[in-house]
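Please find below a colleague's note on the model, written as numbered points. It is meant to be read with the structure open alongside.

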Amino acid sequence: MEERLKHLTLVGAGALLGSVSTLFLLKLLPRSIIKECSKSVGELNAGKGIVSEMSVRSGVDADSNSGMPDSDLLADEIVSEQLTRNIQFFGFEAQQKVTTSYVVVIGLGGVGSHAASMLLRSGVGRLLLVDFDQVSVSSLNRHAVATRADVGIPKAECLKKHFSTIFPECHIEAKVLLYDASTEEKILSGHPDFVLDCIDNIDTKVALLAACVRRGLKVLSATGAGARADPTRIRVADLRESTNDPLSRAVRYRLRKDHGIEGGIPVVFSLEKPKAKLLPFKGPSGEEENPSDYQVVPGFRVRIIPVLGTIPAIFGQVMASYVVTQLTGLNVQPEPIVNLDLDHYRVLHQRLIEHEESLFGTAMQVQVDVEEVMYVAKELWHGRSARDQFAKDVGRGMWRSVNELMLVRWDKEKPASVSNLILLKFKEADEHELRTLEEIKELEPEFYERVESALKRARLDFGL
């Protein structure tokens, strides 16, 4: 009797332990797997009129990678734990904007794969991954997730496969397509919150950017990441401000010439001049041959650009960070692209002193030094007139344009301090001195608010 009691006790303890373990494992399993299990159990029990508890509690469609993102995704315990650091950083409501967003990534090589990977890990609820190409052995030095086992399969399908194990709740669609006029609707329909252009072909890139502008879609474009080595030179700015990049130069020209688009498109680019040139293409015989003879798609280059894998990866990370902060509404101020040296700031400082002396008879109210002039000119006004919202002069053109600029007080009743200086062209400065702030506020409310916003930033940065 005692032996039998021991046996029953062990059986009961084993059953309890098994139940607890099963529940624990179910919480860790992806919902798609749970649903398939539920479906099988449900079919087995259908004839007996039994409804599986698992199928009732799952609450997720069998195809978890299609459709729109779930607005209640963060209510899930596992999802909220996976994204807990993001929630702590952005706040719950802001993170919810990410989990309900839809982002399209076109071009899934070194840049695009890393951008898509971090968008997924940041909790983007729906992703469309687009690329016509396949994973190659040579792309493994820069691809975000591909392994040797993935060589030969489409890059879009490769990412979808790996992504489903990282964040299975994300609705992922993979399209093995080349972007062009015939596929535009398939790729850009559905009102995406953001489109990431990670294409390295000029014709395709220009067509995509023009289509996004035409459709009113937010787009972020990556320029050339190949043949570069310095991660500290990577920037985000308007396409008009991207310099030292042959791809940017060609895209700017084509957008302006073919589509009348001057700018207004943010790009990720490097200020670094390419460290290496295009390599000669050698065929199987080892002799130099025409790369176009080996192109899968006409117009797309074959592997002849040296690439340090870390740089396209950082490009992709920068793109993902930009998109996520835009989706959450977090105010991030990219470092302005201002190509001025210390002598230029000294000139602006001296002009301010001379202007104060001519207008007020003294420079006693000048409360800035050269370093603070640098902050005002670079950080607040991006090296251009406060009346110019977008860059017109870059590179050497900016050096020449500074010859026409000067700092003046915004409010003539207050000292010439870091929070009361605007950068204007000489003629604009003369006109400004003849008007009151009340007149500017009434006649040019948008300009007034833009200046006030910039000066408010100065007060916050300097604790004034």
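1. Basis of the note. This is a predicted model, in which local features need pLDDT of at least 70 and side-chain atom pairs count only at pLDDT 80 or more, whereas totals for chains, interfaces and linings use all residues. Residues are numbered from 1 along each chain as its sequence is written, and side-chain values use heavy atoms, with hydrogens and water left out.

2. The chain as a whole. The chain holds 18 helices and nine strands, where helices (H or I, at least four residues) and strands (E, at least two) are DSSP runs numbered from the N terminus. Of its 464 residues, 45% are buried; buried means under 20% relative accessible area, exposed over 50%, and partly exposed in between, with a 1.4 Å probe and protein chains only. Among contacts with a separation of 6 or more, 71% join residues 24 or more positions apart, contact meaning heavy atoms within 4.5 Å.

3. Helices H7 and H12. Two packed helices are described by the angle between their axes and the distance between the axes. The axes of H7 (residues 110-121) and H12 (residues 310-328) come within 7 Å and cross at roughly 40°; axes are lines fitted to C-alpha atoms, for helices over the stretch in contact, and angles run from 0 to 180 degrees between N-to-C directions. The two helices are therefore oblique to each other, given that angles under 35 degrees count as roughly parallel, over 145 as roughly antiparallel, 65 to 115 as roughly perpendicular and the rest as oblique. Their crossing is right-handed, a term used if the near helix is turned clockwise from the far one by less than a right angle, with anticlockwise giving left-handed. Residues making the contact include Gly 110, His 114 and Met 118 of H7 and Pro 312, Phe 315 and Gln 317 of H12. By class, this contact has 11 nonpolar, four polar and no charged residues, with Ala, Val, Leu, Ile, Met, Phe, Trp, Tyr, Cys and Pro counted as nonpolar, Asp, Glu, Lys and Arg as charged, and the others, Gly among them, as polar.

4. Gln 317 within that contact. Gln 317 lies in H12 and, at 33% relative accessibility, counts as partly exposed. Leaving aside neighbours within four places in sequence, Gln 317 is in contact with His 114 and Met 118.

5. Helices H10 and H11. H10 (residues 202-215) and H11 (residues 246-259) pack at an angle of about 55°, with their axes 10 Å apart, and are therefore oblique to each other. H10 passes H11 in a right-handed crossing. The residues involved include Ile 202, Asp 203 and Lys 205 of H10 and Leu 247, Arg 254 and His 259 of H11. This contact of H10 with H11 divides into eight nonpolar, one polar and three charged residues.

6. Ile 202 within that contact. Ile 202 has its place in H10 and is partly exposed at 29% relative accessibility. Beyond its neighbours within four places in sequence, Ile 202 is in contact with Leu 247, Ala 250 and Arg 254. The C-alpha atoms of Ile 202 and Ser 248, 46 residues apart along the chain, are separated by 9.1 Å.

7. The 19 residues of H13 (residues 342-360) should span 27 Å at 1.5 Å a residue, which agrees with end C-alpha atoms 27 Å apart; the expected span is 1.5 Å times one less than the number of residues. Buried residues in H13 include Tyr 345, Leu 348, His 349 and Leu 352. H13 and H14 pack at an angle of about 100°, with their axes 9 Å apart, and are therefore roughly perpendicular to each other. Tyr 345, Leu 348 and His 349 of H13 and Val 370, Val 373 and Met 374 of H14 are among the residues making the contact. By class, the contact of H13 with H14 has seven nonpolar, one polar and two charged residues.

8. Backbone points to check. Most residues other than glycine have a negative phi, and most peptide bonds are trans. His 191, which is not a glycine, has a positive phi of about 55°; His 191 is found in the loop between helix H9 (184-188) and strand S4 (194-197) and is exposed, with a relative accessible area of 72%. His 382, also not a glycine, has a positive phi of about 55°; His 382 lies in the loop between helix H14 (370-380) and helix H15 (396-401) and counts as partly exposed at 21% relative accessibility. Just after H13, Gly 361 takes a positive phi of about 80°.
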